[in-house]
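Subject: Structure handover

Hello,

Here is the structure I promised to pass on. Please open it alongside this message.

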Amino acid sequence: MSRTSCSLTGADPILTMRTEERLVVLRRSPSLTTIAIMAATDVNQVTLYFSIAEIYSFASNWGNMDDTILLTFWITGAVFVAICFFVAYCVWKYSYKKERRAEYKPEDKKLESRLTWATAIGVAALLAPGLVVWNQYVTVPENAYKVEVFAYQWGWKYRLPGEDNILGKTDIKYISDENPFGLILEDPNGKDDLLVDEQELHVLKDRPVKFELRTIDVLHNFYVPQFRGKMDMVPGIVTYYWLTPTRVGDFEVLCAEYCGTGHYAMRGRVIVDEEKDYKKWEAKQITFEKMLAKSKKNDNLQLVKKEK
């Protein structure tokens, strides 16, 4: 049976796919429905299981994000089950009986006190782990390597510090075709900055990285699912978060904030390398000073051609 006939008869096209094709679909849209269908119908269950684990496994030091979410699920799940049992008990205990009379009780201070304390403890149990993780999330290590992430409709650019390990200062009013990041020319720290004018960023495995997030137009959000971290990018201010990549791999960058008609296509890649591969990639990047010299050279060539 062809895929077209399957879709016309109402059967799910996933059912007709080979294992390799299913994994491509899973990487593009890892929804619970897709996983459920694949898990129930795929013959090669071992390959599928480890592929799902690879897609969802974390690749940074923020694995405790998962622990915090799981704790939330357990607490809210336990409360939900308890409420269901309580409702069932009330239905049985206080079912209609002809001889029973309702008790008029406008308030119960003891019950209200118990409910208040139980609610407070429950909310604290939910908030405390998250606050601990959040404090770690925004407390950047002193040895973190700074990377500027520059967002625009609809793509990504990156800027890395040069040999001085200091990012140059920027101002949005200086942004132009010759100076796409808006670096201040008078700032000597920006001369050796490495400019990555493409959608692909490389980072070094096991080295803490601080992402400094800028946007030139509207709200964006720099999100790599396997890193378990993201942050809104707000026009006019620099937001940030940090992480330590713990696994070599090629990971997709998504914009997790609706930013216009091209939002769906605002994607990129972050590649986590070992030191040897990272040094090779880093050596290919152009510095701000060289880019300015190249731009001036092109301008002079154009002037010569016009004079001729």
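Below is what turned up in it, starting with the sheet.

Please keep in mind that this is a predicted model.

The sheet is open and has six strands. Their order is S8-S5-S1-S2-S3-S11, and the pairing is mixed. Strand S8 (239–243) and strand S11 (286–287) are the edge strands, each pairing on one side only. S1 and strand S2 (residues 155–160) run antiparallel to each other, with five bridges between them. One detail to look up: Val149 has Tyr158 in S2 as its bridge partner.

Next, the cores. The largest nonpolar core holds 37 residues. Trp156, Tyr158, Leu160, Leu201, Phe211 and Phe222 have the most contacts inside it. Strand S1 (residues 145–152) contributes the most to this core, with four residues. A second core is separate and has seven residues, among them Leu183, Leu195, Phe288 and Met291.

Leaving aside residues up to four places away in sequence, Phe211 touches Val147, Val149, Leu201, Phe222, Thr239, Tyr240, Tyr241 and Leu243.

Last, helix H7 (residues 275–283). Which residues of H7 are buried? They are Tyr278, Trp281 and Glu282. Viewed down the axis of H7, the buried residues fall within an arc of 100°, so they line one face of the helix. Lys276 and Ala283, on the other side of H7, are exposed. The cover over the buried residues of H7 includes S1, S2, strand S3 (194–196), strand S4 (200–204) and strand S10 (267–273).

Best wishes

Notes:
Residues numbered from 1 in each chain as written. Predicted model: local features only at pLDDT ≥ 70, side-chain atom pairs only at ≥ 80, totals over all residues. Heavy atoms only, no water. Core = buried A, V, L, I, M, F, W, Y, C linked by side-chain atoms within 4.5 Å. Buried < 20%, exposed > 50% of the residue type's maximum accessible area, 1.4 Å probe, protein only. Helix = DSSP H or I, 4+ residues; strand = E, 2+ residues; numbered from the N terminus. Contact = heavy atoms within 4.5 Å. Pairing = 2+ DSSP bridges. Arc of directions from axis to C-beta.
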